[in-house]
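Please read the following briefing alongside the sequence and the coordinates. It moves from the overall fold to one helix, then to the aromatic residues and the backbone.

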Amino acid sequence: MAITRTLSIIKPDATRRNLTGRVTSMLEEAGLRVVASKRIRLTQEQAEAFYDVHRERPFFRDLVAFMTSGPVVVQVLEGEDAVALNRRVMGATDPAKAEPGTIRRELAESIEANSVHGSDSDENAAREIAFFFRPEEIVG
Ligand code: ATP
Ligand code: MG
């Protein structure tokens, strides 16, 4: 397996509860390295563009409202097969269905306020990383 990159977002439910460090520790303990990080407040336009694939889903408006409700921390993670590794550490979308020890099982509040985002393919990771970071902001 190659060393690859993925985009992680620590969502507003987690920043609000002061869990930025705890989430980051769980990512690092799983073997992922934070090679870029910034705390930002998403605009409505950014949240809508980022979640454009979900535009027709019934939860889209609530999701955009949630993602703009407080600060997020966007991070580029690097590691062995980073997309899959990160998604294993995150756990299932619904925290009630996530494996014990995963970020969502241990920390998430609900299927919407589920503490973290992670890219779902190498192709989407590249697109999502470019959405938030210029190449010179990523230091591996
Ligand atoms: P993410 O893309 O945030 O890493 P995911 O890939 O596990 O999560 P997606 O299906 O891409 O899940 O959904 C994106 C986000 O939309 C979820 O993380 C969650 O915050 C929200 N979401 C998904 N399904 C629902 C639902 N049924 N009700 C409310 N919110 C939902
Ligand atoms: Mg997704």
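Helices (H or I, at least four residues) and strands (E, at least two) are taken here as DSSP runs, numbered from the N terminus. On that basis the secondary structure of the protein chain comes to seven helices and four strands, and along the sequence they follow the pattern β-α-α-β-α-α-β-α-α-β-α. The model is a predicted one, in which local features need pLDDT of at least 70 and side-chain atom pairs count only at pLDDT 80 or more, whereas totals for chains, interfaces and linings use all residues. Residues are numbered from 1 along each chain as its sequence is written, chains are lettered from A and ligands numbered from 1 in the order in which they are written, and side-chain values use heavy atoms, with hydrogens and water left out.

**Overall fold**

- Along the principal axes, the C-alpha atoms of the protein chain fill a box of roughly 35 × 35 × 25 Å.
- Of the 140 residues, 46% count as buried, where buried means under 20% relative accessible area, exposed over 50% and partly exposed in between (1.4 Å probe, protein chains only).
- Among contacts (heavy atoms within 4.5 Å) with a separation of 6 or more, residues 24 or more positions apart account for 78%.

**Helix 4**

- The buried residues of helix 4 (residues 60-67) are Phe60, Leu63, Val64, Phe66 and Met67.
- These residues cover an arc of only 160° around the axis, which puts them on the same side of helix 4; the arc is that of the directions from the helix axis to the C-beta atoms.
- The face turned away from the buried side of helix 4 carries the exposed residues Arg61 and Asp62.
- What covers the buried residues of helix 4 includes strand 1 (3-10), helix 1 (12-16), helix 3 and strand 3 (72-80).

**Aromatic residues**

- Rings of Phe, Tyr and Trp (its six-membered ring) pair if their centres lie within 6.5 Å, with planes under 30 degrees apart counted as stacked, over 60 as edge-to-face and the rest as tilted; by this rule the count comes to four aromatic pairs.
- The rings of Phe50 and Phe132 have centres 5.5 Å apart and planes at 45°, so this pair is tilted.
- Phe50 lies in helix 3 (residues 44-50) and Phe132 in helix 7 (residues 122-132), so the pair ties together parts that are 82 residues apart in sequence.
- Phe131 and Phe132 have ring centres 4.8 Å apart and planes at 75°, so this pair is edge-to-face.
- Phe131 counts as partly exposed at 33% relative accessibility, while Phe132 counts as buried at 7%.
- One aromatic cluster is formed by Phe50, Tyr51, Phe131 and Phe132.
- Lys38 lies over the face of Phe133, at 4.7 Å from the ring centre; a charge sits over a ring if NZ of Lys or CZ of Arg is within 6 Å of the ring centre and within 35 degrees of the ring normal.

**Positive phi in the backbone**

- Asp81, although not a glycine, has a positive phi of about 50°; Asp81 is placed in the loop between strand 3 and helix 5 (82-90) and is partly exposed, with a relative accessible area of 25%.
- Ser115, also a residue other than glycine, has a positive phi near 70°; Ser115 is found in the loop between helix 6 (103-107) and strand 4 (116-118) and is buried, with a relative accessible area of 0%.
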